[in-house]
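Subject: Structure for you to look at

Hello,

Here is the structure I promised to pass on. Please open it next to this message and follow along.

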Amino acid sequence: MPINESDVDWNAIGPDDTGFRRKQLGAAAGGDDIGCSLYELPAGERAWPYHYHTRNEEALYVLSGTATLRLDDEEEDLRPGTYVALPTGAEHAHRVVNDGDEPVRYLVISTMDEPDVVGYPDADALGVYVGTPPGGDEDERVLSGFFHEDDDIDFWDEVADD
């Protein structure tokens, strides 16, 4: 079903009032297997932490403004018209940083597969999403959580005997 982005509400992202926000266009249009979100990131702010997905491929397309994309210890300039494919895997970890003077607006398109595990290399952490993928309907999610990679438990000693 066609929608106009002006008819979709902005949702704030993050615990602080940083101004980082998104419109979930894919969900508003009735999409199931492909997600699309319009993001607006104010000057001086950073988007999601440096991360990668193990199941969901993403693509980013810049509409307006400029920013920097961190990719595996490299930095790439983002400007209107820039398109970036972000396949799955640790070698494709990424983060958008708005080091410009104006807000940057960009689309992120992704597959919407679940379960998905998201790696956060800078924090040695993982996020787990089951029932709906990241960016999906949280009311349908049956399991999610964040774990440090050293939160290892022994299956046979701590789980199997319970």
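Start at Thr68, which stands opposite Asp77 in strand E7. One caution before going on: this is a predicted model.

Look for Leu69 opposite Val96 in E9.

As background, strands of a sheet pair through backbone hydrogen bonds, either parallel or antiparallel.

**The six-stranded sheet**

Next, find the open sheet of six strands. Its order is E1-E2-E3-E10-E5-E8, and the pairing is antiparallel. Which strands stand at the edges? They are E1 (11-12) and E8 (83-86). Each has a single partner strand, so one side of each is left without a neighbour in the sheet.

The partner of E1 is E2, residues 21-24; two bridges join these antiparallel strands. Asn11 has Arg22 in E2 as its bridge partner.

**Salt bridges**

A search of the whole structure finds five salt bridges. Here are some of them.

Arg21 forms one with Glu40, and the closest N and O atoms are 2.8 Å apart. Arg21 lies in strand E2 and Glu40 in strand E3 (residues 34-41), so the pair ties together parts that are 19 residues apart in sequence. Arg21 counts as partly exposed, at 27% relative accessibility. Is Glu40 buried or exposed? Glu40 counts as buried, because its relative accessibility is 14% and the cut-off for buried is under 20%.

Glu40 has another partner. The side chains of Arg105 and Glu40 meet in a salt bridge of 3.1 Å, N to O. Arg105 lies in strand E10 (residues 104-111) and Glu40 in E3, so this pair ties together parts that are 65 residues apart in sequence. Arg105 is partly exposed, with a relative accessible area of 24%.

Now go back to E6. Arg70 forms a salt bridge with Asp122, with 2.7 Å between the closest N and O atoms. What does this pair tie together? Arg70 lies in strand E6 and Asp122 in the loop between E11 and E12, so the pair links parts that are 52 residues apart in sequence. Arg70 is partly exposed, with a relative accessible area of 22%. Asp122 is exposed, at 53%.

Which residues do shared partners join into one network? They are Arg21, Glu40 and Arg105. As a general point, side chains of opposite charge can pair when their charged atoms come close.

**Surface patches**

There is a patch of negative charge on the surface. It gathers Asp124, Glu149, Asp150, Asp151, Asp152, Asp154, Asp157 and Glu158. Asp124 lies in the loop between strand E11 (116-120) and strand E12 (125-130). Asp124 counts as partly exposed, at 46% relative accessibility.

There is also a nonpolar surface patch of about 440 Å². Ile153, Phe155, Trp156 and Val159 make it. Where is Trp156 placed? Trp156 is in helix H2, residues 155-159. Trp156 is exposed: its relative accessible area is 62%, and the cut-off for exposed is over 50%.

**One last residue**

Finally, look at Tyr52. Tyr52 is in strand E4, residues 52-53. Tyr52 counts as buried, at 14% relative accessibility. The C-alpha atoms of Tyr52 and Arg95 are separated by 9.1 Å, while the two residues are 43 residues apart along the chain.

Best wishes

Methods: Residues are numbered from 1 along each chain as its sequence is written. This is a predicted model: local features need pLDDT of at least 70, side-chain atom pairs count only at pLDDT 80 or more; totals for chains, interfaces and linings use all residues. Side-chain values use heavy atoms; hydrogens and water are left out. Two strands pair if DSSP finds at least two bridges between them. Helices (H or I, at least four residues) and strands (E, at least two) are DSSP runs, numbered from the N terminus. Patches are made of residues with over 30% relative accessible area and no salt bridge: like charges are joined within 9 Å, nonpolar side chains (Val, Leu, Ile, Met, Phe, Trp, Tyr) within 5 Å. Accessible areas come from the Shrake-Rupley method with a 1.4 Å probe; for residues, only the protein chains shown count as cover. A salt bridge is a side-chain nitrogen of Lys or Arg within 4 Å of a carboxyl oxygen of Asp or Glu. Lys and Arg count as positive and Asp and Glu as negative; His and the chain ends are not counted. The place of a charge is taken as NZ of Lys, CZ of Arg, CG of Asp or CD of Glu. Buried means under 20% relative accessible area, exposed over 50%, partly exposed in between (1.4 Å probe, protein chains only).
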